[in-house]
Amino acid sequence: MGKITNALKKAAEERIQRIEKVSQIRERDKLIVKKIGESKVDPSIITYFDPKALISEQYKILRTNVLSMNKGKPPKTFVITSSIHSEGKTITSLNLAMSLAQAVHKPRVLLVDADLRKGKVAKYLGTEPTIGLSEVLSGEAEAKDALFHVDIENLALIQSGKVPEYPSELLASDSFKRFLNQMRGEFDHIIIDTPPIISVTDSGIVGAQTDGVILVIQAGRTQRGIVKRAEELLFQSHSKILGHVLTNIEYHLPEYIYRYL
Ligand SMILES: Nc1ncnc2c1ncn2[C@@H]1O[C@H](COP(=O)(O)OP(=O)(O)OP(=O)(O)O)[C@@H](O)[C@H]1O
Ligand SMILES: [Mg+2]
């Protein structure tokens, strides 16, 4: 009996030591987590604030899926779109871009806000909307002058810029082709955030000039028939659908089931 009691006591002590060790590691991790209140970046960009958070892990899964497409020949240039508005395209684009840039092999990543009508990349990052894609495409600025950075090395961004008179025509123009070709030479991955395909044709126009499109679907809101219509429109525009991302998913399992460390 005494032996068992001693063994249990020893096990309990060891467990306490392990817990203390884990909490020390967590404390250390917190130091690299950026504080939301001190930043202008939107809290939804969780991969920026806390690359180790559970939600960041979901974006890493998406990153892995993208990187393993085509038997290890991942898409270099791809579009993020959705069927209708507010399904999570821009948040997905930003988190995926940051997650890709944080990959071990440190690829050079560019995020382009090609929602020339209601681009929100600048808003989510808390930056001033200055020179953007529309100025580059209309010849008012050079691409190099439109690039900007947040404090993640190897990630560059281009915001949408001022709303042009004819957004679809600008994206279908030779200047967009030239812009993409130039960027392909400078980056390993180019992620292009676009407007919803059912509302406007822009993502189909851009999608056809890239390796494909990731279709974001807001769970619990966007109906099956609407997604089917979006896929038809992408198909008609000769855009390849690379995959789908479901947003608005709720976790019903407790965190400890997901947490490995
Ligand atoms: N994975 C997600 N789960 C739950 N909510 C999300 C998710 N991603 C984004 N959202 C929320 O959805 C809303 C719309 O996000 P976002 O601006 O990215 O959508 P969008 O599709 O780009 O919209 P728009 O059509 O206006 O460009 C935001 O409030 C955002 O916080
Ligand atoms: Mg958007």
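So, the lining of the largest pocket: by class, 18 residues are nonpolar, 17 are polar and 8 are charged. Here Ala, Val, Leu, Ile, Met, Phe, Trp, Tyr, Cys and Pro count as nonpolar, Asp, Glu, Lys and Arg as charged, and the others, Gly among them, as polar. Before I go on: this is a predicted model, where local features need pLDDT of at least 70 and side-chain atom pairs count only at pLDDT 80 or more, while totals for chains, interfaces and linings use all residues. Residues are numbered from 1 along each chain as its sequence is written, chains are lettered from A and ligands numbered from 1 in the order in which they are written, and side-chain values use heavy atoms, with hydrogens and water left out.

What do we mean by a pocket? On a 1 Å grid over the protein atoms alone, it's an open set of points where a 1.4 Å probe fits, with protein on both sides within 12 Å along at least five of seven lines; lining residues have an atom within 4 Å of a point. The largest one holds about 1000 Å³ of space, the volume being what probe spheres set on the points fill, with points joined across faces, edges and corners. Its lining has 43 residues, and E87, G88, K89, T92 and T247 lie nearest the centre.

Which helix gives the largest share of that lining? That's α3, with 7 residues. Helices are DSSP runs of H or I, at least four residues, and strands are runs of E, at least two, numbered from the N terminus. α3 (54–67), α4 (89–101), β5 (212–218) and β6 (241–247) each supply at least two lining residues.

Now look at α3 and α4 together. Their axes come within 9 Å and cross at roughly 75°; axes are lines fitted to C-alpha atoms, for helices over the stretch in contact, and angles run from 0 to 180 degrees between N-to-C directions. So the two helices are roughly perpendicular, a label for 65 to 115 degrees. On the α3 side, Y59, K60, L62, R63, V66 and L67 meet I91, T92, N95, L96, S99 and L100 of α4. Contact means heavy atoms within 4.5 Å.

Finally, the sheet. It's open, with 6 parallel strands in the order β3-β2-β4-β1-β5-β6; strands pair if DSSP finds at least two bridges between them. β3 and β6 stand at the edges with a single partner each, so one side of each has no neighbour in the sheet. Inside it, 4 bridges join β1 to β4, and I80 has D193 as its bridge partner.

Notes. Angles under 35 degrees count as roughly parallel, over 145 as roughly antiparallel, 65 to 115 as roughly perpendicular and the rest as oblique.
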